[in-house]
Amino acid sequence: MGKTIVEKIFSAHANKDVRANDIVVAEIDRMMAHDGNGPLAIDIFYQLGGERLAVPEKTFFVLDHYIPCPNEDVARIHAIIRNFVKKMSCVLFDAQGICHQIMMEKAGIQPGHLVVGSDSHTTTYGALNAFSTGVGSTDFAAAMLTGQLWFLVPETIEVQITGKLRPGVMGKDLVLHLAAVLKADGATYQVLEFKGEAVKALSMDERITMANMAVEMGAKAGIFEFDEKTAAWYAHNGLTVEKDGVTADSDAVYAGKIEIDASALEPMIAKPHAVDNVSPIGKMPDTPINQASLGSCTNGRISDLATAAAILKGKKINKDVRMYVTPASRAIYQEAMQKGYLNTLTEAGAVIIPPSCGWCIGVCNGIPGDDDKVISTANRNFKGRMGNRYAEIYLASPATVAASAIYGRITDPRNLL
């Protein structure tokens, strides 16, 4: 009986043959915490008697949630992390970008790695053929102390995606459709293993978006096979592939199977206040917007900015709309600047804000007003998510966000392509 990708990864990291639903203690390849909860993990580490890190070179802290620092309380949080990193000789990425993008760019994550992070969207690295998942501060402290964690090996759902996305329909639309199919708890503590003709055609940025949002269906992880596009992503980012990719066996056992015809999809919208409250754009009522937000760990990569720039080129953002754009990292910011995307976006009327999570979690850089309707490329639209419980958040692709910013209402981007 064959194995899924995840069963193979856990077998390698537990140093024994394991299957879904086995309980294992596994070695961690990379671990990451950010300024949102890093100090709590540090405090627990000391409560557990920690004096030094098990693997400092594999332990990463990222300052990204409150960047630029908005107040003195956050400044103290940042100081706690900086001092801990200095004392423990681990790795700090300070105001260089959103943690998940930075980890992929700079932390040496490889195919087949096992990665944990103190953030639910750590699932992002599954696009690189790694098993990556979010953990709580206590588990993160234990990982810092021992270099290991215990896991229940997850079952896997096979997500077979056929056909090809039509112009104007993006990976974000695909994953929002999947959320509508599975609902918010349809894959709880399971892994979504993406495969099929349409998956092979997806760009790496779109795969990253889908892996990022796997957790929105309750999944422990979302994972893709390693292929030539994965290899090209590593090369583009100046990274070396040091490990072979992990593939599922042809006779692997899955907990379930979902089939999607990508060619039948249109742009999708997640309506307030749930990620799985999804509607095809053709069935949306006329919905004016006040704010358009492009970026986040879900859709702040170079192709996302390029898509928005192509739609906005030579046009103006509606006078009743504020548009904020956040590249996911400093490297993406610089590339977008060199390619002229940021110039195009600012000429259209957008405001470029530093790579950070602030607007997405509602702590700085673009808090909406009461009764504002926001269209966003982020991953969550819960009430109060962006800092105002009286605002309404709609989730959509970069193309849909850009098109909507022009017309001041939720707009099908295919009208502008």
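**Aromatic pairs, nonpolar cores and a surface patch**

The count comes to 12 aromatic pairs, where rings of Phe, Tyr and Trp (its six-membered ring) pair if their centres lie within 6.5 Å, with planes under 30 degrees apart counted as stacked, over 60 as edge-to-face and the rest as tilted. This is a predicted model, in which local features need pLDDT of at least 70 and side-chain atom pairs count only at pLDDT 80 or more, while totals for chains, interfaces and linings use all residues. Residues are numbered from 1 along each chain as its sequence is written, and side-chain values use heavy atoms, with hydrogens and water left out.

**Aromatic pairs**

- F61 and F84 pair edge-to-face, at 5.6 Å centre to centre and 70° between the planes.
- F61 belongs to strand 3 (residues 59-63) and F84 to helix 3 (residues 72-88), so this pair ties together parts 23 residues apart in sequence; helices (H or I, at least four residues) and strands (E, at least two) are DSSP runs, numbered from the N terminus.
- Both F61 and F84 are buried, meaning under 20% relative accessible area, with exposed over 50% and partly exposed in between (1.4 Å probe, protein chains only).
- W233 and Y234 form another edge-to-face pair, with 5.4 Å centre to centre and 85° between the planes.
- W233 and Y234 are both buried.
- One aromatic cluster is formed by F45, Y46, F61, F84 and F140.

**Nonpolar cores**

- The largest nonpolar core has 60 residues, of which I161, L178, L192 and F194 touch the most other members; a core is a set of buried Ala, Val, Leu, Ile, Met, Phe, Trp, Tyr and Cys residues joined through side-chain atoms within 4.5 Å.
- Helix 6 (residues 171-182) gives the most to this core, with 6 residues.
- Not counting residues up to four places away in sequence, F194 touches V159, I161, L178, V199, M210, G222, I223 and F224, contact being heavy atoms within 4.5 Å.
- A second, separate core of 43 residues includes V6, A26, M144 and Y254.

**Surface patch**

- I23, V25 and W150 make up a nonpolar patch on the surface, with about 360 Å² of accessible area together.
- Patch residues have over 30% relative accessible area and no salt bridge, with like charges joined within 9 Å and nonpolar side chains (Val, Leu, Ile, Met, Phe, Trp, Tyr) within 5 Å.
- A salt bridge is a side-chain nitrogen of Lys or Arg within 4 Å of a carboxyl oxygen of Asp or Glu.
- Accessible areas come from the Shrake-Rupley method with a 1.4 Å probe; for residues, only the protein chains shown count as cover.
- V25 sits in strand 1 (residues 23-27).
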